[in-house]
Amino acid sequence: MRVIHEAPLAPMTTLGIGGPAAALIELHDPADFPEFVALADTFPGEPFCLGEGSNVLVSDTGCAGAVLRMSTKGVRLAGNTADGRVLVEVQAGHLLADLVATTIAEGLTGMEMLVGIPGTTGATPIQNVGAYGQETADTLVRVTAWDRKVRRMVTMDAAECGLGHRTSVFKHSRRWTLLSLVFALRRSELSAPVTYRTVAAALDVPVGSRVPLDEVAQAVLAVRRSKGMVLGCSGTDDRSVGSVFLSPEISPAQAEGLRARHAPVNRFPDGSVRVSASWLIRQAGFELRRPIVPGVRISSLHYTLVAEEGATAAGFRQAVDIVFQEVLRRTGVRLTSEIDFL
């Protein structure tokens, strides 16, 4: 365990914005967790758990309480389910990218479309991380977490996690700190069916095809890079949180009207009907590279916000509000931010 007082948080986030934490407490060994919790409790307020900072906007004044950083690592195959799936147990601080690479190397399907997504595995249930037809809810079996309300470790099965479209019981709550997770994956040399046309086109196969795991992973990475959605791939748009806004849920009447305008309207695994946030932002008149406020602009490659030199948390939040208001005015659809505000 490591403790840093007045720790700068900006370098620990992909936006590179924000002030310091009163204390940063970093956990490397799960056995030290009781001491970890006791120390966090000496600071005011509920502690905030920070992973790799790829979905976080830190206030310009920083954080008066403790910030917890889970740096625990480790993956192990933990047996099989009754239907033959392989159980994979992962420490919360293990990088998602490394877990995905391990599952592909082991010949396990269920996570290959998540390649290129930054952050820790422990963050994946919080907003039910997903991409290109796969999401955490498809494979999560259970989590172990510290529950601050009952002051003990708890095991929660996937149903108790309340996983929905980019949400869960953990989203916008500091009650739980996730410690480890168990996923169930299937052995296969081939991927899940490729359901996204852009990925199928990169592979030059029909939609619905199954291809070798490593091939589909490379295709997904290529598509993500083309949109600037892989950290470090663009050189100009790297200070980003990926998608700032969710694809919003819309009513049947809205869906009908938007389809008439050739909008990408799709039904999601949770049964909701949603329209692409990027499409809405473009329809609202925003152009690639367009400055929104000093230090914040639209990406060069994708309809999302990125930070530049001189960006502040207050300015970034102002840019989020400007895009929200203009999309609502021009399209009648309300966007919702995906960012965790600290």
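**View 1. One helical turn separates Arg329 and Glu326.** These two sit three residues apart in helix α7 (residues 313-331); helices here are DSSP runs of H or I with at least four residues, strands are runs of E with at least two, and both are numbered from the N terminus. By salt bridge we mean a side-chain nitrogen of Lys or Arg within 4 Å of a carboxyl oxygen of Asp or Glu. Arg329 is exposed, at 61% relative accessible area. For reference, buried is under 20% relative accessible area, exposed is over 50%, and partly exposed is in between (1.4 Å probe, protein chains only).

A quick note on what you're looking at: this is a predicted model, where local features need pLDDT of at least 70, side-chain atom pairs count only at pLDDT 80 or more, and totals for chains, interfaces and linings use all residues. Residues are numbered from 1 along each chain as its sequence is written, and side-chain values use heavy atoms, leaving out hydrogens and water.

**View 2. Glu52 and Arg69 meet in a salt bridge.** The N to O distance here is 3.8 Å. The pair ties together distant parts of the chain, 17 residues apart: Glu52 is in the loop between β3 (48-50) and β4 (56-57), while Arg69 belongs to strand β5 (residues 63-70). Glu52 is partly exposed at 34% relative accessibility, whereas Arg69 is buried at 14%.

**View 3. Asp270 pairs up with Arg274.** This salt bridge spans 3.9 Å, N to O. Asp270 is partly exposed at 41% relative accessibility, but Arg274 is buried at 9%. The whole structure holds 15 salt bridges.

**View 4. Arg166, Ser243 and Glu338 carry the "active site" label in UniProt (unreviewed entry).** They're spread over 173 residues of sequence, yet they cluster in space, with a largest C-alpha distance of 11.3 Å. UniProt positions follow the numbering used here, feature names are shortened, and annotations may be inferred rather than shown by experiment.

**View 5. Here's a closer look at Arg166 and Glu338, which touch each other.** Contact means heavy atoms within 4.5 Å. Arg166 is buried at 16% relative accessibility, and Glu338 is buried too, at 9%. The backbone oxygen of Asn128 lies 2.9 Å from a polar atom of the Arg166 side chain.

Notes
A polar contact is a pair of N or O atoms within 3.5 Å; within protein, one must be able to donate a hydrogen and the other to accept it, and residues adjacent in sequence count only if both atoms are side-chain atoms. Lists of a residue's contacts leave out its neighbours within four places in sequence.
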